[in-house]
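Keep the structure open while reading.

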Amino acid sequence: MTQARLIEENQEKAGYFGEFGGQFVPEGVLPILDKIADEYEKIKKDPKFQEEFAYLLENYVGRPSRLYEAKRYGKAVGGPKVYLKREDLNHTGSHKLNNCLGQALLAKHMGMKHIIAETGAGQHGVAAATVAALFDMKCTIFMGEEDVARQSLNVYRMKMLGAEVVSVTDGTGTLKEAVDAALSYWVEHKDEIFYIIGSAVGPHPYPTMVRDFHDCIGTEARAQILEKEGRLPNAIYACIGGGSNAIGLFSAFLGDKGVDIYGAEAGGRGIDTKDHAATLTLGQVGVLHGFKSYILAQPDGEIMPVYSISAGLDYPGIGPQHAYLKDCGRVDYQPVTDQEAVDAFKLLCHTEGIVPALESAHALALFQRTAKKYTDKDVVIVNLSGRGDKDVQQLAEL
């Protein structure tokens, strides 16, 4: 891999957030990335595209998603009034369909008939397979063999929707290896396929596109809380893997200095062990999968194996905008252990009859850890990024 874009070059065009982002890819990939960026800039200003995207978000995804006051859960935790942004109620069961629809519309506009995607927890893979069926496209999903085993339900769903699922056996067989395989395949077939990246990572323009296609989460939540409470929340919370659901929520509140923003990353079995994915807590600046950000790496630059009970959070990097928000101090990112996430999962199940994804349970756990700093007059929003049907078998075995 060669550094095909340097920070000194046109930063706006290259998609930097402070020093993070850019395009660190083989020279041969730059033309297709630039074409995607150019076409995206055109269609996002096109009223017909915006009308079709808005129609699908409302009538196909089911937006706006509900902002639900979790009264029994809030009482059990103590502290502020708690609202859940119910992305778990979307078609396919998570926030992922927002971005997949947007990118699939772009692919269709560019004349592409074959889409590929990577997936960890399987929710992005299901969403990609769903839009491929909707738009009559061929779909190939790359998934680590470890995640194929622990997320078998979503594997079946992808296949039922007509997608080919490629099990990746390299390394730890999780999300990083799935991304590696998808990128390699894309480089070989870049003129024939469109790669729908599932998180706010990758070379420019992907982090910007993914954020934009998910900003409906934060835009809705902001309007909904103003309607319900007549004020902005004291704090908002989301889980962080690559960072798509989080940046979707955070984007609407970044300019509101009175709103605390928290991101929960995977602390695994503890950050004092090797079994975690706490990139923003313990990572170093480096390059991964075509962009510059914080990564978990050995002193020689070799990417470290990472771990989380939740397949959607075990990624050794982080979206470049999150890296920037960490460095400028706007967002407080903290690691959450597996046990904390499982405990939060159980509490929401028992108090509200809602089964959250293990990824979302990390956000709940971080809220529970910080809840006592607020009073019963305060208000918080926790992004429930997905439902936990996919995790039931794994938790039953535990």
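Which residue in S8 stands opposite Ile-116? The residue is Tyr-195. The model is a predicted one.

**The four-stranded sheet**
- An open sheet holds 4 strands in the order S7-S6-S5-S8, and their pairing is parallel.
- Its edge strands are S7 (164–168) and S8 (194–195), each pairing on one side only.
- S5 (residues 114–119) pairs with S8 over 2 bridges, in the parallel sense.
- Helix H9 (residues 175–188) lies across S5, S6 (138–144), S7 and S8. H9 runs at about 160° to S5.

- Strand S14 (residues 379–384) is largely enclosed by the rest of the structure, because 6 of its 6 residues are buried.
- In a regular strand, side chains alternate between the two faces of the sheet.
- Val-379, Ile-381 and Asn-383 point one way from S14. Val-380, Val-382 and Leu-384 point the other way. Both sets are buried.
- S4 (residues 81–86) pairs with S14 in the parallel sense, over 6 bridges. Leu-84 has Val-382 in S14 as its bridge partner.
- S9 (residues 235–240) also runs parallel to S14, joined by 3 bridges. Here Ile-236 has Ile-381 as its bridge partner.

**Helix H13 and the residue after**
- Helix H13 spans residues 320–327. Its buried residues include Pro-320, Gln-321, His-322, Ala-323 and Leu-325.
- Just after H13, Gly-329 takes a positive phi of about 80°.

Key:
Residues are numbered from 1 along each chain as its sequence is written. This is a predicted model: local features need pLDDT of at least 70, side-chain atom pairs count only at pLDDT 80 or more; totals for chains, interfaces and linings use all residues. Side-chain values use heavy atoms; hydrogens and water are left out. Buried means under 20% relative accessible area, exposed over 50%, partly exposed in between (1.4 Å probe, protein chains only). Two strands pair if DSSP finds at least two bridges between them. Contact means heavy atoms within 4.5 Å. Axes are lines fitted to C-alpha atoms, for helices over the stretch in contact, and angles run from 0 to 180 degrees between N-to-C directions.
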